[in-house]
Amino acid sequence: MILGAYDAPIHLTDQQIQDLSVFVEGLINQVRSQAGNKPVVVTQGSLDYVKAMVAG
């Protein structure tokens, strides 16, 4: 088995989680816009979910 960077614990601040979420939101919405779909939105609930996933 090969161990890599994904095996290490992830430590992100609330601001880093929010920044990454908004960045990914922009990428997703670029594609959704081209496909004629409504944009996705980062909500407090989605940020809380990410924090729970990162915390393990």
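In which kind of crossing does helix 1 pass helix 2? Helix 1 passes helix 2 in a right-handed crossing; a crossing is right-handed if the near helix is turned clockwise from the far one by less than a right angle, and left-handed if anticlockwise. This is a predicted model, in which local features need pLDDT of at least 70, side-chain atom pairs count only at pLDDT 80 or more, and totals for chains, interfaces and linings use all residues. Residues are numbered from 1 along each chain as its sequence is written, and side-chain values use heavy atoms, leaving out hydrogens and water.

**How the two helices pack**

- Helix 1 covers residues 14-34 and helix 2 covers residues 44-55; helices are DSSP runs (H or I, at least four residues), numbered from the N terminus.
- The two pack at an angle of about 120 degrees, and their axes are 10 Å apart. Axes here are lines fitted to C-alpha atoms over the stretch in contact, and angles run from 0 to 180 degrees between N-to-C directions.
- Helix 1 and helix 2 are therefore oblique to each other (under 35 degrees is roughly parallel, over 145 roughly antiparallel, 65 to 115 roughly perpendicular, and the rest oblique).

**Who meets whom**

- From helix 1, Asp 14, Ile 17, Gln 18 and Ser 21 meet Leu 47, Val 50 and Lys 51 of helix 2 (contact means heavy atoms within 4.5 Å).
- The residues of this contact divide into three nonpolar, two polar and two charged. Ala, Val, Leu, Ile, Met, Phe, Trp, Tyr, Cys and Pro count as nonpolar, Asp, Glu, Lys and Arg as charged, and the others, Gly among them, as polar.
- Ser 21 of helix 1 is buried, at 16% relative accessibility (buried is under 20% relative accessible area, exposed over 50%, partly exposed in between, with a 1.4 Å probe and protein chains only).
- Leaving aside neighbours within four places in sequence, Ser 21 is in contact with Val 42, Leu 47 and Val 50.

**Salt bridges**

- The structure holds two salt bridges (a side-chain nitrogen of Lys or Arg within 4 Å of a carboxyl oxygen of Asp or Glu).
- One joins the side chains of Asp 14 and Lys 51 (3.7 Å, N to O). Asp 14 lies in helix 1 and Lys 51 in helix 2, so this pair ties together parts 37 residues apart in sequence.
- Another joins Lys 51 and Asp 48 (3.9 Å, N to O). Both lie in helix 2, three residues apart, about one turn of the helix.
- Salt bridges that share partners link Asp 14, Asp 48 and Lys 51 into one network.
- Lys 51 is partly exposed, with a relative accessible area of 31%, and Asp 48 is partly exposed at 37%.
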